[in-house]
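Morning, everyone. Please look at the model on the screen. I'll talk about charged side chains.

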Amino acid sequence: MGIKNNIEKFQLELKPYAARLIAVSKTHSTERIREAYQTGQRIFGENKVQELVEKQPQLPLDTAWHLIGHLQRNKVKPIAPFVSLIHSVDSMKLLEEINKQGQNHQRVIHCLLQVYIAREETKFGLSFSELQQFIQSPELASLKFVMIDGLMGMATLTDNQEQIRNEFRSLKKVFDALKQQSLPPFVQMNELSMGMSADYKIALEEGSTMVRIGTAIFGTRELT
Ligand SMILES: *Cc1c(COP(=O)(O)O)cnc(C)c1O
């Protein structure tokens, strides 16, 4: 199966859910990304700033680049001029830096808050209680160059489908609850980024609006 077939299969599968496909192109060459672009795919996800900054100028300008991996504050600057969505905001200090860089470029940078849902030590993100505090915090209201579009979460890496489903379901529940609250002006709950190659079907059933798919489109990655 080639990249084209894989993307077409996903477009069909996502349609009934009205969810969007983020083609996770990390470690893959710009030739392969261009191949995906030619099938009509426009949103690509990268997890490393350095790699993203190298690839971005090599694709057409209407390519939307999402930063999906953990982001350090000192790495915001190079992606600020062009990044379409940052999925991985997990601290106010990071969001303040994104706001500052957005202001420098006079553009509003769209973000998701990454929420910790897995039963694993290694995953980044805010806990549910930190998320509440974050959204209520007075600092947030002063940031004019960021827009929070929703939430992102990663399930535990496990074969236990029920556990994965429960983790996604718990995130959807919090997402829906926030949607009912009166939110600050630059916070909206429209996007729920959950699901990867191994668990996207469950994520879609549990209300994902964006799936982040790498391996199932581009094949296995070389270890870097
Ligand atoms: C690599 C990555 C993905 C895609 O993983 P696959 O299993 O290859 O689909 C999704 N989300 C994040 C945050 C990633 O780093």
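How many salt bridges does a search of the whole structure find? The search finds 11. A salt bridge here is a side-chain nitrogen of Lys or Arg within 4 Å of a carboxyl oxygen of Asp or Glu.

Two notes on the source. This is a predicted model: local features need pLDDT of at least 70, side-chain atom pairs count only at pLDDT 80 or more, and totals for chains, interfaces and linings use all residues. Residues are numbered from 1 along each chain as its sequence is written, and side-chain values use heavy atoms, with hydrogens and water left out.

Start with E8 and K4. Their closest N and O atoms are 3.2 Å apart. Both sit in helix α1, residues 3-14. They are 4 residues apart, about one turn of the helix. (Helices are DSSP runs of H or I, at least four residues; strands are runs of E, at least two; both are numbered from the N terminus.)

Next, K55 and E51. This salt bridge is 2.7 Å, N to O. The two residues lie in helix α3, residues 49-55, again 4 residues apart. Buried or exposed? Both K55 and E51 are buried. Buried means under 20% relative accessible area, exposed over 50%, partly exposed in between, with a 1.4 Å probe and protein chains only.

Last, R165 and E206, at 2.8 Å, N to O. R165 is in helix α7, and E206 is in the loop between α8 and β8, so the pair ties together parts 41 residues apart in sequence. Both R165 and E206 are buried. Salt bridges with shared partners join R165, R169, E205 and E206 into one network.
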